[in-house]
Amino acid sequence: MLIDSHVHIGAPPKEADPRNFVKLMKKSHIDKAVIFRYYYDKPTKFSNQYTSLVVKQYPKYFIGFAWVNPNDTTAEKEIETSILKWNLKGVKLHLEMHPTPTEKLQKIFNIAEKHNIPICTHLGNDFDQIESLSKEYKTKIIIAHLGTGVYCLDINRLKKAIKLAKNKNVYLETSGNTYPLVDYAIKEIGSKKIVLGSDFPHEHPLISVKIIELLNISNQDKELILHKNISKILEI
């Protein structure tokens, strides 16, 4: 089984149209994908409602996350609506794009903990902030791109993310990285703390899968990364 934990759905580009991505999933034998969408020229509510409609159209394939800017005054209400009305299963934050004071992030984490949903975050430069929140809350945290960013390949950022992932509720997601960095992360923290992601349409999902297949680890460890860890996080 394959679950891609990091997918941006919705055209453009045309490959990210849900119909086209489902065709790619079938062809690539990808069973499910965690999806979100951020329209830069529209309110986040538009993106989250769109995501919910895509999930409703393709419930067999997609698990939707709400993408919010924690600095928005509507962020808390949007998350509640996304969970209770639109049946989304997690929250996506981009703290490089939206640096956020800790007190505002605490409000997001309070909601996530109340509803028992995970938070996936693209980190900015403040690793200590997430370190503190990971200890304050039981919320499961998925650090996108191994904490390095998209093909930034910064080993110092990776080391900081690995330190974060030593907290029991923090996981690292693989997208936007190369084989050596994924390999390094697994050797440092083990396969139970890693989830597969592609960051589609920025990368083909099977490129990310191939990295895991080439690792010198057991098939059981590969299964953890390819689907079992994220299944446990999402309780599916």
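**Contacts, cores and surface of a predicted chain**

Colleague: Which residues does Phe 21 touch, not counting residues up to four places away in sequence?

Modeller: Contact here means heavy atoms within 4.5 Å. Sequence neighbours up to four places away are left out. In this predicted model, Phe 21 then touches Val 7, Ile 9, Glu 15, Ala 33, Phe 62, Phe 200 and Pro 205.

Colleague: What pLDDT do side-chain atom pairs need in order to count?

Modeller: Residues are numbered from 1 along each chain as its sequence is written, and side-chain values use heavy atoms, without hydrogens and water. The model is predicted, totals for chains, interfaces and linings use all residues, local features need pLDDT of at least 70, and side-chain atom pairs count only at pLDDT 80 or more.

Colleague: Which residues have the most contacts inside the largest nonpolar core?

Modeller: A nonpolar core is a set of buried Ala, Val, Leu, Ile, Met, Phe, Trp, Tyr and Cys residues joined through side-chain atoms within 4.5 Å. Buried means under 20% relative accessible area, exposed over 50%, partly exposed in between (1.4 Å probe, protein chains only). The largest core has 59 residues. Those with the most contacts inside it are Phe 21, Phe 62 and Leu 172.

Colleague: How many residues are in the other core, the one with Ile 3 and Tyr 38?

Modeller: That core lies apart from the largest one. Its members include Ile 3, Tyr 38, Phe 65 and Tyr 171. Its size is 15 residues.

Colleague: How many helices and strands does the protein chain have?

Modeller: Both are DSSP runs, numbered from the N terminus: helices are H or I with at least four residues, strands are E with at least two. The protein chain has nine helices and nine strands.

Colleague: What is the radius of gyration of the protein chain?

Modeller: The radius is taken over C-alpha atoms, and the globule rule is 2.2 Å times the number of residues to the power 0.38. For 236 residues the rule gives 18 Å. The chain comes close to that, so it is as compact as a globular protein of that length, with a radius of gyration of 16 Å.

Colleague: What share of the residues counts as buried?

Modeller: The C-alpha trace spans about 45 × 40 × 30 Å along its principal axes. Of the 236 residues, the buried share is 58%.

Colleague: Is Val 209 buried or exposed?

Modeller: Val 209 sits in helix α8. Beyond its neighbours within four places in sequence, Val 209 contacts Leu 2, Leu 196 and Leu 226. Its relative accessible area is 4%, so Val 209 is buried.

Colleague: Which residues make the nonpolar surface patch of about 230 Å²?

Modeller: Patch residues have over 30% relative accessible area and no salt bridge; like charges are joined within 9 Å, nonpolar side chains (Val, Leu, Ile, Met, Phe, Trp, Tyr) within 5 Å. A salt bridge is a side-chain nitrogen of Lys or Arg within 4 Å of a carboxyl oxygen of Asp or Glu. Areas come from the Shrake-Rupley method with a 1.4 Å probe; for residues, only the protein chains shown count as cover. The patch is made by Val 150, Tyr 151 and Leu 153.

Colleague: What is phi of Leu 153?

Modeller: Leu 153 lies in the loop between β7 and α6. Leu 153 is partly exposed, at 36% relative accessible area. Its phi is positive, in a residue other than glycine, and is near 55°.

Colleague: Which residues are joined by a cis peptide bond?

Modeller: Pro 201 is found in the loop between β9 (194–195) and α8 (205–214). Omega of the cis bond is about 10°. The bond joins Phe 200 and Pro 201.
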